Amino acid sequence: CHPTRGVSILPRVYSSAARQLADMDASRLTITKSTTPKPLVAPQDLVFGKTFTDHMLSVEWTATDGWLDPKITPYQNLSLDPATCVFHYAFECFEGMKAYKDSKGQIRLFRPEKNMARLSASSQRLSMPAIPEKPMIQLISKFLNVDERFIPSEKGYSLYLRPTVIGTQRSIGVGPPGSALLFVIASPVGPYYPSGFKAVSLEARSDIVRAWPGGVGDKKLGANYASCIAPQLEAAKKGFQQNLWLFGPEGYVTEVGTMNVFFAWLSRTGKKEFITAPLDGTILEGITRDSVLELARENLGPEGWDVIERKYTIAEVKEAADEGRLLEAFGSGTAAVVSPIKRIQWDGGMERRALGEKGAVEINVPLSPGSETGPIAQRMWNWILERQYGEIESKWSVIVPR
Ligand code: COI
């Protein structure tokens, strides 16, 4: 017997010239404190996304070295060459997550590992690095300790965190960024909509498409949001807070852009159905969406509700409304939490759209009498908030170490 020739069973030996890329290392964090602390804004005066804390967290990455040492610094401007790839080819993705103060004064995060996994998926879709979950959560925890005084303690208020990844390669050649910056800024927030905790009206259009199968609508890219603003301004002129995005000639209901959406109705055979669109690439994989579905299965299931993820059309919603079977609708998102929907105006699809205003179809969604919400949205809001604020201990709530 003689050894097999020509087949190596040894692991591949890399040349000594290959560099070991550095992992993200939270223990290498340096902290430089601000010398000009900002005054706190009273919770009722907070406008979503306008107030920022004293500090920011940043970690640079390069293709040759990996992750450099993380830093917490005073909140400051970025200085970037005008040729930086983020400005030209939209190498940008982000997350939305929140930190809460519980009644004992502890800081809590809600399912932060999900945010990190999604950020990682978005970043890699743009040829930027994977985001290591554990060190990032450790770094965010340290950042929260530094800016703790900005975390509101009133229920319904929180510190919104905005982890962001941008390509920082100085080049207008189209290619993968050789360097990136991951930064996190934080903003104390109350309700997302300027109308406060009130039901919203949506305009559903069939002529503009937010996302399509195989596209990037399921990734949290800034570009997905920027392209929704022009139609949103048109909707706002007509009195709507947001657009409801439909897909295809069938008019499949997808999402709102800042929220996933849910409908509660009676089926044609009288069954109680709680329905949302499936994760088919045309909607963002909302963490609140996932939480709503799990809570619905746990709490609404025993009450006889079928919790369903399937494609459904705006015509089905309209038919349910016309036949008195539509019971409720709401949106869910990190920023909006649970936001009841009271009215949808639909252009009626391709043919009716040609008729302009005359072709538009109104869908009125019932609310509880004398209230700005429906019974499921109200209960869902409570179920989620009591977990986020740690009134009920759950596997989702993470206490931030001091
Ligand atoms: C969120 O819910 O965190 C969002 O990303 C919506 C919006 C504020 C961009």
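Reply: Six names make up the surroundings of the ligand: Gly96, Tyr225, Thr258, Gly333, Thr334 and Ala335. A residue is listed there if its C-beta atom, placed from the backbone, lies within 6 Å of the molecule. By class, this shell holds two nonpolar, four polar and no charged residues.

A word on the model. It is predicted, so local features need pLDDT of at least 70 and side-chain atom pairs count only at pLDDT 80 or more, while totals for chains, interfaces and linings use all residues. Residue numbers start from 1 along each chain as its sequence is written.

Now Val337. Val337 lies in strand E17, residues 337-346. Helices (H or I, at least four residues) and strands (E, at least two) are DSSP runs, numbered from the N terminus. Phi of Val337 is near 60°, a positive value in a residue other than glycine. Val337 has 23 other C-beta atoms within 10 Å, so it is buried. The cut-offs for burial use C-beta atoms placed from the backbone: 20 or more others within 10 Å is buried, 12 or fewer is exposed, and in between is partly exposed.

Ala90 also has a positive phi near 60° and is not glycine. Ala90 sits in the loop between helix H1 (85-89) and strand E5 (92-94). With 16 other C-beta atoms within 10 Å, Ala90 is partly exposed.

Next, Leu126. This residue is in the loop between helix H2 (112-125) and helix H3 (133-146). Leu126 counts as buried because it has 23 C-beta neighbours inside 10 Å. Neighbours within four places in sequence aside, Leu126 is in contact with Phe91 and Cys93. Contact means C-beta atoms, placed from the backbone, within 7 Å. Phe91 is 35 residues from Leu126 along the chain, and their C-alpha atoms are separated by 6.2 Å.

Met350 belongs to helix H8, residues 349-353. Met350 has 12 C-beta neighbours inside 10 Å and therefore counts as exposed. Leaving aside neighbours within four places in sequence, Met350 contacts Ser206 and Pro249. Val365 is 15 residues from Met350 along the chain, with 23 Å between their C-alpha atoms.

Then the helix packing. H6 (residues 287-299) and H9 (residues 375-388) pack at about 110°, their axes 10 Å apart. Axes are lines fitted to C-alpha atoms, for helices over the stretch in contact, and angles run from 0 to 180 degrees between N-to-C directions. H6 and H9 are therefore roughly perpendicular. Under 35 degrees counts as roughly parallel, over 145 as roughly antiparallel, 65 to 115 as roughly perpendicular, and the rest as oblique. From H6 come Thr288, Ser291, Val292, Leu295 and Asn299; they meet Met380, Trp383 and Ile384 of H9. This contact has five nonpolar, three polar and no charged residues.

Finally, the whole chain. It has nine helices and 19 strands. Its radius of gyration is 24 Å, close to the 21 Å that the globule rule gives for 402 residues, so the chain is as compact as a globular protein of that length. The radius is taken over C-alpha atoms, and the rule is 2.2 Å times the number of residues to the power 0.38. The C-alpha trace spans about 75 × 65 × 55 Å along its principal axes. Of the 402 residues, 41% count as buried. Among contacts with a separation of 6 or more, 71% join residues 24 or more positions apart.

Technical notes
Nonpolar A, V, L, I, M, F, W, Y, C, P; charged D, E, K, R; others polar. Contact = placed C-beta atoms within 7 Å.
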